[in-house]
Amino acid sequence: MKNFRLALLLCALLALIVALAGCGGGGSKEVPADAVAVVDGEKVAKSDYDALIAQAKKSYANQKRDFPKAGSQEFQTLRNQAVQFLVQREQFEQEAAGMDVEVTDKQVDARLEQIQKQYFGGDKKKYEKQLKEQGLTNAQVRNDIRAQIVSEKLFEQVTREVKVTDAEVEKYYNENKAQYSQPESREVRHILVKTRAKADDIYDQLKAGADFSELAKKFSEDTGSKANGGKLTISKGQTVAPFDRTAFLLKKNEISKPVKTEFGFHVIQALGDVKPAKTTPLKDVKESIKQQLQQTKKNEAMTKWVDELKKDYEDKVNYAVGFTPPPTATDTGAATGETE
């Protein structure tokens, strides 16, 4: 199930990564043979890389997609993304320890139970079947869940001081007032036909006392309103110009002569008075604006923190031979520095 994969930390990456396990291996003096990198003294195990690649290859196979050829640009990009993902995960682990962020087995158990209930109705057999199809083990899933919770807790820590003032809310409201404005509106009904002759005939019938609703149901070409006797509520400026202009000039209950538009000929009746334009007051949208601005500020704070983290680790990350990301590699947020 695709949605299940989205519940895991790796999901954003798994659909992208595929490579041949073991390619580009080897090691430098600083990196053991069983690692793809060392982050401030901690190994990023090659077994983790291999497991990630194996799962990704399985994902490609399930989608009947070809693997990128070894040595191709796509191959290199995907491998770089995998390694950088694992490096950043290790960086987050180290930072979490320094910030007193703790993730317990109980928390992982609870999140896993939540995932199993949400995507598998609590059926462990279905869950295990999905793991097999995705090339995942339960241990991998638990590791991914742990990493996900670490990331969430780091986000909470980094952004806990983020505040949005009433002045900022008011400023946003005033600068974006159009978002909270509603134009004039009116309830009308109409009958749309293809020819003027037919429209003239319908107009004459209506003036003679024919039932508007019945004629709309019988003759109107507007499938969206005919079943409702031609009724619809329109907002100023949101229908084609001739229709809009006529509909808002009519007196209440007045029936227009045929009006030509790009869709054909309309006979329109105004059912109610024009409702004036209005703007939703700040007090009614203040909380939603505040939440929106707060989330934006939090995202910006986290992005800044990750950028600073990269700089802090520039001289603390060593890569095994063949796994060093090139300077021009797409930045996935992981540290890319290397010392050799």
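Colleague: Which residue stands opposite Thr261 in β7?

Modeller: Start with the general idea: strands of a sheet pair through backbone hydrogen bonds, either parallel or antiparallel. Here, Thr261 has Gly264 standing opposite in β7. Before we go on, this is a predicted model, where local features need pLDDT of at least 70 and side-chain atom pairs count only at pLDDT 80 or more, while totals for chains, interfaces and linings use all residues. Residues are numbered from 1 along each chain as its sequence is written, and side-chain values use heavy atoms, with hydrogens and water left out.

Colleague: In what sense do β6 and β7 pair, and over how many bridges?

Modeller: Two strands count as paired if DSSP finds at least two bridges between them. β6 and β7 have three bridges and pair in the antiparallel sense. Together they form a hairpin, with two residues between the strands. By the way, strands are DSSP runs of E with at least two residues, helices are runs of H or I with at least four, and both are numbered from the N terminus.

Colleague: What is the order of the strands in the open sheet of four?

Modeller: Read across it and you get β5-β4-β7-β6, with antiparallel pairing. β5 (231–235) and β6 (259–261) sit at the edges with a single partner strand each, so one side of each has no neighbour in the sheet. From one strand to the next, the twist averages 50°. Angles like these run from 0 to 180 degrees between N-to-C directions, and axes are lines fitted to C-alpha atoms, for helices over the stretch in contact.

Colleague: Over how many bridges do β4 and β7 pair?

Modeller: Six bridges link β4 (residues 185–193) with β7 (residues 264–270), again in the antiparallel sense. If you want to find them on screen, Val193 has Phe265 of β7 as its bridge partner, and His190 has Ile268 of β7. Remember too that in a regular strand the side chains alternate between the two faces of the sheet.

Colleague: How many residues of β7 are buried?

Modeller: Buried means under 20% relative accessible area, exposed means over 50%, and partly exposed is in between (1.4 Å probe, protein chains only). In β7, seven of its seven residues are buried. Over the chain of 340 residues, 40% count as buried. As for helices on this sheet, α10 (residues 212–219) lies across β4 and β7, at about 50° to β4. Helix α11 (residues 241–249) lies across β4, β5, β6 and β7, at about 125° to β4.

Colleague: At what angle do helices α5 and α6 pack?

Modeller: The angle between α5 (residues 105–120) and α6 (residues 124–134) is about 95°, with the axes 10 Å apart. That makes the two helices roughly perpendicular (65 to 115 degrees; under 35 is roughly parallel, over 145 roughly antiparallel, the rest oblique). Contact means heavy atoms within 4.5 Å. Here α5 brings Leu112, Gln116 and Phe120, while α6 brings Lys124, Lys126, Tyr127 and Gln130.

Colleague: At what angle do the axes of α3 and α6 cross?

Modeller: They cross at roughly 90° and come within 8 Å, and α3 and α6 are therefore roughly perpendicular as well. Gln55, Lys58 and Asn62 of α3 meet Lys132, Glu133 and Gln134 of α6. By class, this contact has no nonpolar, three polar and three charged residues. Nonpolar covers Ala, Val, Leu, Ile, Met, Phe, Trp, Tyr, Cys and Pro; charged covers Asp, Glu, Lys and Arg; polar is the others, Gly among them.

Colleague: What covers the buried residues of α7?

Modeller: The cover includes α3, α4 (73–98), α5, α6 and α12 (282–312). Among the buried residues of α7 are Val141, Ile145, Ile149 and Leu154.
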